[in-house]
Amino acid sequence: MMMISRRKFLQMLGLTSAAAAMSGLDFLLPEEAEAIGIRLTNAVATPTICSYCSVGCGLLVHTSSNNIINIEGDPDHPISRGSLCSKGASSYQITNNAKRITTPLYRAPGTNAWVTKDWTWTLTEIANRVKSTRDASFIDIENGITVNRTEAIASLGGAALDNEEAYLLTKFMRGLGVVYLEHQARL
Amino acid sequence: MLSLTTLNGQKFIKELTKVQISWAEIIIQNYDVDHHYLDKLINEAQHLLLEDTLINISKQHVVNITMDIVKLLEIHQPKFKGDLLLLANKYDEFYEILLNGDDLSLLKWADKSNISPILIGYILDWILRPEKMALGKIVQPLLNDIKSWKSNCCPICNEPADIALLLKENGERHLGCSCCQVTWRYPRLVCAFCEEANPENLRYYFVEDAPEQQIHYCESCGNYLKTFDYRFTCEKPADLMLLNYMTAHLDVLAEQKGLGLKINN
């Protein structure tokens, strides 16, 4: 038997699917103009990696007009196959969350109130405290051996750091003499 | 479900599918399934209908299926009454071309006989469908693994997918052939027509009042694929042909957006 299909047949007639649906059988309501009234939103899905732990689950971030409208697990990702933990599944709230803190908050020792600070003040304060703590705790020689270290500062990296950030952080901490270098990527 | 398809149109497709399923069952009963052979064909990425020895349908079978379809058309599609009367006088010629002719000769014959070529196209599709559905039912269990069938074309009829489903469980995309009634796993971010894999060129529209209804399109080739996201609805996956016709408004909208001018290849 011949293996011709309606689609090929329509092509031969020079018709599109929609034209065939409208001019063919009684399938669409007479007032096809209604279709124009249906509102469509345009979006795009972009694949990326979850920003939390080191498992590196795949995400699809859906955006419309540069706004994130949904984040879901990527079903084709070889590691996670669409699954996400509760944190990954709420990735949407990283950008869209009214409760997200967007400025540095400072609580001075002995107080219970948080005060909003700007980044210049915050980074300067952190730098000053790192410097004073490191200088006060620095051990250059121990038991006749040069150690050049501080045990008063620790660094905790995160799985969200990329290779370059992790390299810089390690270099920086080694430069300060920090020996307690840890990360949570093996959680 | 949001649809501009008439209730009569929906009823017609439901009854037509019922008839086709019953014919598919008869074909399966008379078919000695060689699962090993089918498995081999699928693994070798061979489209099953190209193996014309798989199922052979007799002329009587074709005649019976045609009569069932014409009966339903007479009841539900009175618009084609005149065409069906003309066809009734030329059944022998129709079967002769159907069984031994080709697509161009069928088109010429319809034109010469003053019978709507669109109607002939539909009838042709529906006559062939039970055979495709029978094969589809047999091979569907082999298609669920992403490694088993990687093509963007239907494993039965070799046509590009005409619908896609996003599954409730984890959003996997399964391409579907509404005619053969089979689905097979396919990556979400690969164009189902030109295999474009740059996600920046793969966009979609969704209906604001029914976000499960989507039009996925490729900016590289300009084709689109109607996609139904079952995570937005508690409905069970419908008969693909019914779903295809019930979402005909998406075809209209896609065309208005300048998509699909290559009519699915």
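How much space lies in the second largest cavity? In this predicted model, in which local features need pLDDT of at least 70, side-chain atom pairs count only at pLDDT 80 or more, and totals for chains, interfaces and linings use all residues, side-chain values use heavy atoms, with hydrogens and water left out. Residues are numbered from 1 along each chain as its sequence is written, while chains are lettered from A and ligands numbered from 1 in the order in which they are written.

The second largest cavity holds about 190 Å³ of space. A cavity is a set of points, on a 1 Å grid over the protein atoms alone, where a 1.4 Å probe fits but cannot get out; a pocket is an open set with protein on both sides within 12 Å along at least five of seven lines; and lining residues have an atom within 4 Å of a point. Grid points are joined across faces, edges and corners, and a volume is the space filled by probe spheres set on the points. By this rule, four cavities of 30 Å³ or more are counted. The second largest cavity is lined by 19 residues, and Arg173(B), Arg188(B), Leu202(B), Arg203(B) and His216(B) are the closest to its centre. At least two lining residues come from each of strand E2 (58-64) of chain A and E4, E5 and E6 of chain B; helices (H or I, at least four residues) and strands (E, at least two) are DSSP runs, numbered from the N terminus. The lining of this cavity comprises 13 nonpolar, three polar and three charged residues, where Ala, Val, Leu, Ile, Met, Phe, Trp, Tyr, Cys and Pro count as nonpolar, Asp, Glu, Lys and Arg as charged, and the others, Gly among them, as polar.

The largest pocket contains about 300 Å³ of space. Its lining is made up of 19 residues, with Lys137(B), Gln140(B), Cys180(B), Gln181(B) and Val182(B) nearest the centre. Helix H1 (7-29), helix H7 (117-143) and strand E3 (182-185) of chain B each contribute at least two residues to this lining. By class, eleven of the lining residues of the largest pocket are nonpolar, six polar and two charged.

Strands of a sheet pair through backbone hydrogen bonds, either parallel or antiparallel. An open sheet of nine strands has the order E3(A)-E2(A)-E1(A)-E4(B)-E5(B)-E6(B)-E1(B)-E2(B)-E3(B), with mixed pairing; two strands pair if DSSP finds at least two bridges between them. Its edge strands, each pairing on one side only, are strand E3 (67-73) of chain A and E3 of chain B. From one strand to the next, the twist averages 30°; axes are lines fitted to C-alpha atoms, for helices over the stretch in contact, and angles run from 0 to 180 degrees between N-to-C directions. Strand E1 (residues 40-49) of chain A and strand E4 (residues 202-207) of chain B run antiparallel and are joined by five bridges. Within this pair, Ala43(A) stands opposite Tyr204(B). Helix H9 (residues 248-256) of chain B packs on the sheet, where it touches E1 of chain A and E4, strand E5 (210-218) and strand E6 (224-229) of chain B, and its direction makes about 45° with that of E5(B). Contact means heavy atoms within 4.5 Å.

In strand E1 of chain A lies Ile49(A), which counts as partly exposed because its relative accessibility is 46%. Buried means under 20% relative accessible area, exposed over 50%, and partly exposed in between (1.4 Å probe, protein chains only). Neighbours within four places in sequence aside, Ile49(A) is in contact with Gly56(A), Cys57(A), Leu59(A) and His77(A).

A further open sheet consists of three strands of chain A in the order E6-E7-E8, again with mixed pairing. Strand E6 (139-142) and strand E8 (178-183) of chain A are its edge strands. E6(A) and E7(A) pair in the antiparallel sense over three bridges and form a hairpin with two residues between them, in which Asn143(A) in the turn has a positive phi of about 50°. By contrast, strand E7 (residues 145-157) of chain A runs parallel to E8(A), with five bridges between them. Ala154(A) stands opposite Tyr180(A) in E8(A), and the bridge partner of Leu156(A) is Glu182(A). Helix H7 (residues 163-176) of chain A lies across E7 and E8 of chain A at about 155° to E8(A).

Ser155(A), found in strand E7 of chain A, counts as buried because its relative accessibility is 8%. Not counting residues up to four places away in sequence, Ser155(A) touches Leu169(A), Met173(A), Val178(A), Tyr180(A), Leu181(A) and Glu182(A).
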